[in-house]
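Reader: Could you walk me through this one while I have it open on my screen?

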Amino acid sequence: MTCENKATSDVRENLPSALRRLTTADEVESTVGLPASAVMLKQISALDEGCRTVLARCPIAAFGYRDADGTSRTTFIGGTPGFVRVHSPTRISFSLPEPGDPHGPVSFFFLLPGVGEILRVNGSVAARKGAETTVDIAEAYVHCAQAVLRSRLWQPPAPAESVAPAASAAEFAGDGPLHRPGVAEFLAAAPFLALSTWDGSGGSDTSPRGDRQEVARILDGRTLVVPDRKGNKRADTLHNLLADDRLSFAALVPGRTGVLHVRGRGAITDDPALLETMALRGMPPHLALLIDVEHAEVTGSDAVARSRLWTPGAHVDRGTVPDLMALAGEHLAAGSAAAEGGPPAFLLKAVGAIPGMARLLRLVMNRAYRSGLRKEGYEDVEPGAGGGRRRGFLRRLPADDGGTGAGATERPLREVRIAELRRETPSAVTLVLEDVGKDLEPFDFRPGQFFTLVADIDGRPVRRAYSASSAPGSARLEVTVKHVEGGRFSTHVHRSLRAGDRLAVRGPSGSFHTGPQLPDAPDAPDALDAPDEIVLVAAGSGVTPMMSMIRSRLAVRPGRDRIALLYSSRSADEIIFADELTRLAKDNPDRLTVTHVLTGRDGRLDADGVRRWVTGLSPAPGAHYYTCGPGPLMDAVQGILTGLGVPDERVHQEHYTSGADTQAVAATAPQEMTVEEDGRPVGTVVVEPGQTLLDAGLAAGLPMPYSCTVGNCGDCMVRLRGGEVTQNEPNCLTPQQRADGYVLTCVGCPLSKVTLDIADQ
């Protein structure tokens, strides 16, 4: 036990009732002091151009709000730059994926990865529609970099093997929320948090807190202490707690994608014995916050994971955002123009316009940061430039290798817009997709392959795989989506999407295909080697990859091949592509035959029916067979073809997972995942509750293999060397692969500490 931990342990014996509390503004101000007038003049009442530029580049923000029942909550929102939509200088909107329903005053601070200063925005909820929350802005201002510098937030995370053993819940006494799974360990490693408080007159404040070690320290099973070190003397949090002691915070650990959410009640203390336990080089904080914790929980965070805050290349590039200290100077000039007794606005503007003044101001502020933090007991303080990738605390991470195989970072999504929605049947609709912007690139894939579509639904990214139904090589990609009862994505497509809406796609993926056969390359080797005859058996939406095969082969192989389709549908109204199949068969009578089975009229398609149809075709010896539909149908087709002597290599099946939401039992506590390659350690990462093995690995920059991300293609299959994993069902793993110890990282969640070998696929 360190001297500091021993001192904290000794103080626990007196806690929490024996500690002195500050209860008046005079007591707070006598310790903290009063802020300089210039500090208060930096507030502006609307977003200026500089603020809007910051919001356009910012991938993540802390957000504090209260539910309709008064429950305080702090979380992180965002995931990609520009997630906040600016409707006017005084109104913004964003997606809040949590179940909470924010009411009344709210507050934010916006983080630019690699930048020390923070943009803070306060306002109130104006409207709420689904996950979309609209906020009217009351004030905005730049917060100094001290919290980020204290926490070393943007330093490369320390390797797992160099981190000291985390605190355990067994090390402190008393029952309470801090004994919940993973909470104590998270607090022991968290140097940074966002703390939300509210005043008595309808205002909200979310401010950063950072410390060199853990920013919030455990005193017992329900009590935390947060040091309050010297700052700009605004002391909004302290004044708010005097009026309303309810608070909440969200804590971060660099390198992890989870967030610790805490709420409770706060008090202010200047107890010398307690403050001494948090001294740095003999310098204790001037005050501390005591938090009586009512709720504490570690959860995975989509916003943190998608923001890739600690991955190579995440820091904003210098020159793409304004220097926030220069922006603060502009705000000060604007505030002075509207205030009496402040610095002359014309003088501030004139000084700011001097060439090189922004650089000089940055140097002055860096020196001030360094001096102030060293006086508090911090060592090795290197403020850096605060505006991008610079020397100092903004050290550049190792370069991304940009690989396209089992690369270390997630391949980018392709943003598309819906050019057209075409109704195929009462339960199926085709999305016609094209690139966003003027330059429309072709969609190259092999007929039969699928794409993974990604949409934000209620503020969260939801992914589903759908086969392309169009021919490859066109600037428009068509995917046909059948509505599935209980299917979150398909319901969103059928009820919410309109022409002009945007989605993202990843792909193509899958080994179910007939070769490239692009219209501009009909004589490519793969095209020449493709079989002259293909036999297709489909049911329901299983016809979609078949349609891509039919369209592409009829377009590029005139007179050379023969295609036969056996297609089962519930009724005539449910035949997807009915009119086009009829037309293509009529226009190509020697090349395409289509046989329909309507289960409402003919009964279910069974093995006898398939056998009669196949033998009646008299397929050529070299024909290839493709089936896509329910498992029992594909099993029947496989059995029939095996009985007819068709080699397995000429039989191809597409295994669809259900479109309905089937959630695996996820871990309730963070779990450690070690990744190996041929038995050699590659890295270790913490998988947060609700997070998949793949998401955790990619967020940490580990070389995880993957493609579709939804359990359809098997590219993310790895061997589980140790531990226990649960997976969403159904997925593409075969019984033999399961028996051999393979798992799919894209739909797998750890139930214990696990070890994976990514080379043993």
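Reader: Which residues does L224 touch, not counting those up to four places away in sequence?
Author: L224 touches L178, L187, A216, R217, I218, F249, V262, L289, L290, I291 and V293, where contact means heavy atoms within 4.5 Å. This is a predicted model, in which local features need pLDDT of at least 70 and side-chain atom pairs count only at pLDDT 80 or more, while totals for chains, interfaces and linings use all residues. Residues are numbered from 1 along each chain as its sequence is written, and side-chain values use heavy atoms, with hydrogens and water left out.

Reader: And which residues touch the most other members in the largest nonpolar core?
Author: Of its 32 residues, those are L178, L187, A216, L224, L238, F249 and L260; such a core is a set of buried (under 20% relative accessible area, 1.4 Å probe, protein chains only) Ala, Val, Leu, Ile, Met, Phe, Trp, Tyr and Cys residues joined through side-chain atoms within 4.5 Å.

Reader: Which strand gives the most to this core?
Author: Strand 14 does, with six residues, strands being DSSP runs (E, at least two residues) numbered from the N terminus.

Reader: Switching to the sheet, what is the order of its seven strands?
Author: The order is 9-8-12-13-14-11-10 in an open, antiparallel sheet, where two strands pair if DSSP finds at least two bridges between them.

Reader: Why is one side of strand 9 and of strand 10 left without a neighbour?
Author: Strand 9 (204–210) and strand 10 (217–220) stand at the edges and each has a single partner strand, so one side of each has no neighbour in the sheet.

Reader: How many bridges join strand 10 to strand 11?
Author: Three bridges join these antiparallel strands, and D220 has T223 in strand 11 as its bridge partner.

Notes:
Buried < 20%, exposed > 50% of the residue type's maximum accessible area, 1.4 Å probe, protein only. Helix = DSSP H or I, 4+ residues; strand = E, 2+ residues; numbered from the N terminus.
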